[in-house]
Amino acid sequence: MTKRTDYFNYRLLTHEELALFDQDGYLILKSVLTTSGLSKMREECMAAWNKEKETFDPAKSWLQNSLLVNIHHKSSTIRNYYFEGSLVDIAAQIIGPNIKGATSQLTFKMKGNTKPFGWHQDNGYGELDPYNALTTLTALDDADQGNGCLWLIPGSHKRGQIKVRQTEEQKKSQSEIVINADDSLAQPMEMKAGDVLIFNCWMLHKSDGNYSTERDRRILFLRYADADAVEVYNGRKPRLGRLVKGSTIYEQVRNFEAKL
Ligand SMILES: O=C(O)CCC(=O)C(=O)O
């Protein structure tokens, strides 16, 4: 019988790491997945990916080419990681005692997917309040400048929520939000497979295309929020996401995916 610790390495952030996160807005956590956790996740993700996705087409949107949403519905290892893995307690250290999952998706930039993703804040897409949601990006491949790793601007979360004007039509078509930012301040987030990049919801980040002809750049994107977080853009309705720690004032959140 497989135990959670066969797949996931559990640890908490130290005081120093929490202080760094506060200052810079991000951290890279090494080897959060074990070797067998990584290989199991890759296997389940690729089964789901190959069932639904075609090869990169420059005429298609980011969503069509690169995202597979609600991957925790399709992979049991990812579901366990999202609901009970090491990132849950880390999210609680940063956000507070009550935590829900806010998003789960694959963001895969396969070799030859040369589409860049411009500067943005994750709280720019789907603004949540309170403003302390946590993005976690688990690398399923080594990621570096050769295959489209993420870039971010350390400390840029201190600018707070950057208002972006989008027409109703742009919002509906989920058009890309691109913020002006100083590229000279950007740092590449190079990671080994199994490492996790975590950052604040206001962190400015982007990625370039994957110009490698041999290496995919597969990332699992999981976002956590305060269990009572509401969607500012949606009449402040509670964001629906599985309660993974503590409690919530919203019955619909308490019940959401509770039996999944
Ligand atoms: O996967 C990428 O290259 C960019 C992903 C990203 O920035 C996001 O999903 O917010």
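What share of the contacts in the protein chain with a separation of 6 or more comes from residues 24 or more positions apart? In this predicted model, such residues account for 84% of those contacts. The protein chain contains eight helices and 14 strands, and 38% of its 260 residues count as buried.

**Overall dimensions**
- The radius of gyration of the protein chain is 17 Å, which agrees with the value near 18 Å that a compact globule of 260 residues would have.

- Four strands form an open sheet in the order 4-10-7-8, and their pairing is antiparallel.
- The edges of this sheet are taken by strand 4 (117-120) and strand 8 (187-189), each of which has a single partner strand, so one side of each is left without a neighbour in the sheet.
- From one strand to the next, the twist averages 25 degrees.
- Strand 4 and strand 10 run antiparallel and are joined by two bridges, and His120 stands opposite His205 in strand 10.

**Surroundings of the ligand**
- The residues around the ligand are Thr107, Lys109, Phe117, Asp122, Leu150, His205, Ser207, Ile219 and Phe221.
- Two or more residues of this shell come from each of strand 3 (99-109), strand 10 (205-207) and strand 11 (217-226).
- Sorted by class, the shell comprises four nonpolar, three polar and two charged residues.

**Backbone details in loops**
- The peptide bond that leads from Asp129 to Pro130 is cis, with omega near 10 degrees, and Pro130 lies in the loop between strand 5 (128-129) and strand 6 (134-139).
- Ser31, although it is not a glycine, has a positive phi of about 45 degrees; its place is in the loop between strand 1 (26-29) and helix 3 (35-52).
- Ser31 counts as partly exposed because it has 15 C-beta neighbours inside 10 Å, a number that falls between the limits of 12 or fewer for exposed and 20 or more for buried.
- Arg236 is likewise not a glycine and has a positive phi of about 55 degrees, and Arg236 is found in the loop between strand 12 (230-231) and strand 13 (237-238).
- With 9 C-beta neighbours inside 10 Å, Arg236 counts as exposed.

Conventions. Residues are numbered from 1 along each chain as its sequence is written. This is a predicted model: local features need pLDDT of at least 70, side-chain atom pairs count only at pLDDT 80 or more; totals for chains, interfaces and linings use all residues. A residue is near a molecule or strand if its C-beta atom, placed from the backbone, lies within 6 Å of it. Ala, Val, Leu, Ile, Met, Phe, Trp, Tyr, Cys and Pro count as nonpolar, Asp, Glu, Lys and Arg as charged, and the others, Gly among them, as polar. The radius of gyration is taken over C-alpha atoms; the globule rule is 2.2 Å times the number of residues to the power 0.38. Two residues are in contact if their C-beta atoms, placed from the backbone, lie within 7 Å. Two strands pair if DSSP finds at least two bridges between them. Axes are lines fitted to C-alpha atoms, for helices over the stretch in contact, and angles run from 0 to 180 degrees between N-to-C directions.
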